[in-house]
Amino acid sequence: MVLGMKKIIHIDMDAYFAAIEIREDPSLKGKCVVVGGPPNSRGVVSTCSYEARKYGVHSGMSSYQAWNLCPQAVFVHSHFKLYKEISQQVRDIFYSWTDLVEPMSLDEAYLDVTENKKGEESAEKIARAIKDEIFSVTRLTCSAGVSYNKFLAKIGSELNKPDGLAIIPPEKAQEVLFALPIGKFYGIGKVTAAKMQKLGITNGADLAKWELKDLMKAFGKAGFFYYHVVRGIDNREVITEFEPKSISCESTFDTDLDSMDELFAVLRKLSERLANRMATKGISGQNVVLKLKYDNFEYITRSCAMRGSCNAPEVLYKYGEQLLVANWDTARKVRLLGLGVGKLDSGGDCEQLSIPL
Ligand SMILES: [Mg+2]
């Protein structure tokens, strides 16, 4: 892959709940297995085996409908505790490679392996290793998609299911995307797909012919997403569970404050407390957020972007002060002041950060 490009893997367990039930009861192997409520209940299908899918059974449909399509199906109840335990085993395998893991559900996750704990350069090798490790630990198969962004990695994991592996390097992205039926685009649901079909968009190649403004006219904000993903552009980061999205501290006063100097003093303390907490966690952030609660409990939050990523108390203070001056309605008493930082990341480069004041 090209230097500077990310290496993203999307892992999706195959027919996860059904595969686990079959593992637990091998007599189910090769049968149409439906995990969900029995057909004479109001239950729905949560997962089904590939054999059942051949009859048109899919997750989300009513068990009754599934039974009509596939009367020979074996209906089994779900065992979520077990599914969760196995998910944890699978996640432990992911974390042995990278901490940049974004679980989407019990059976699905994105991994950013651009830099990984084992120093392996090839994302393809990592994906193969993970598939093998998952199988040896759980006796379950999964499918993996490897690419340079989340969208394409997700598309990749669907391409060769089950037990699949697909690598989509930049030079192959267009070919894959243009040939992809519109309903298979992640993020394009049934309703949108139907609307697109009506407009003559049946696959990626059709979608790519549309200009940005026309897509946005027809589909609103989502049109922006469609325009870019069909060109293989998706800059979404892999977001880990462990990183909070923001961090903040606040202070409620015994008596409501109405002087700027007093508020500045509180802000000074808050910025120091906040900076300390961030330093301890080794994080910095790009946005400063100020929260202001008035004596009638009404409150406002205002934020601004810093120039870079930072956790230095004096910088946080300066931005907080700016927000306070710009947004405090001085005719009103303040009951609480809060300062936070959002768009967190690790590290930061406060030295180079100039304060625009
Ligand atoms: Mg799955």
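Below is a chat about helix packing and strand pairing in a predicted model.

Student: What should I know before I start, and how do the residue numbers run?

Tutor: Residues count from 1 along each chain as its sequence is written. The model is predicted, so local features need pLDDT of at least 70 and side-chain atom pairs count only at pLDDT 80 or more, while totals for chains, interfaces and linings use all residues.

Student: OK, at what angle do H1 and H4 pack?

Tutor: Helix H1 (residues 16-24) and helix H4 (residues 80-97) pack at about 100 degrees, with axes 11 Å apart. That makes H1 roughly perpendicular to H4. Helices here are DSSP runs of H or I, at least four residues, and strands are runs of E, at least two, numbered from the N terminus. Axes are lines fitted to C-alpha atoms, for helices over the stretch in contact, and angles run from 0 to 180 degrees between N-to-C directions. Under 35 degrees is roughly parallel, over 145 roughly antiparallel, 65 to 115 roughly perpendicular, and the rest oblique.

Student: Which residues of H1 and H4 meet?

Tutor: Tyr16, Phe17 and Ile20 in H1 meet Leu82, Tyr83 and Ile86 in H4 (contact means C-beta atoms, placed from the backbone, within 7 Å). By type, the contact has six nonpolar residues, no polar and no charged (Ala, Val, Leu, Ile, Met, Phe, Trp, Tyr, Cys and Pro are nonpolar; Asp, Glu, Lys and Arg charged; the others, Gly among them, polar).

Student: And how far apart are the axes of H10 and H11?

Tutor: The axes of helix H10 (residues 212-219) and helix H11 (residues 221-229) are 6 Å apart, at an angle of about 140 degrees. That makes H10 oblique to H11.

Student: Which residues of H11 are buried?

Tutor: Phe225, Tyr226, Tyr227 and Val229 are the buried ones in H11 (buried is 20 or more other C-beta atoms within 10 Å of a residue's own, exposed 12 or fewer, partly exposed in between, with C-beta atoms placed from the backbone). Their cover includes helix H6 (150-159), helix H9 (204-208) and H10.

Student: Switching to strands: what does S10 pair with?

Tutor: Strand S10 (residues 283-294) pairs antiparallel with strand S12 (residues 334-346) over 11 bridges. Eight bridges join S10 to strand S11 (residues 299-310), also antiparallel. Pairing takes at least two DSSP bridges.

Student: Where does Leu290 sit opposite S11 and S12?

Tutor: Leu290 has Leu339 as its bridge partner in S12, and Arg302 stands opposite Leu290 in S11.

Student: What's in the turn between S10 and S11?

Tutor: Four residues lie between the two strands of that hairpin, and Phe297 in the turn has a positive phi of about 75 degrees.

Conventions: Contact = placed C-beta atoms within 7 Å.
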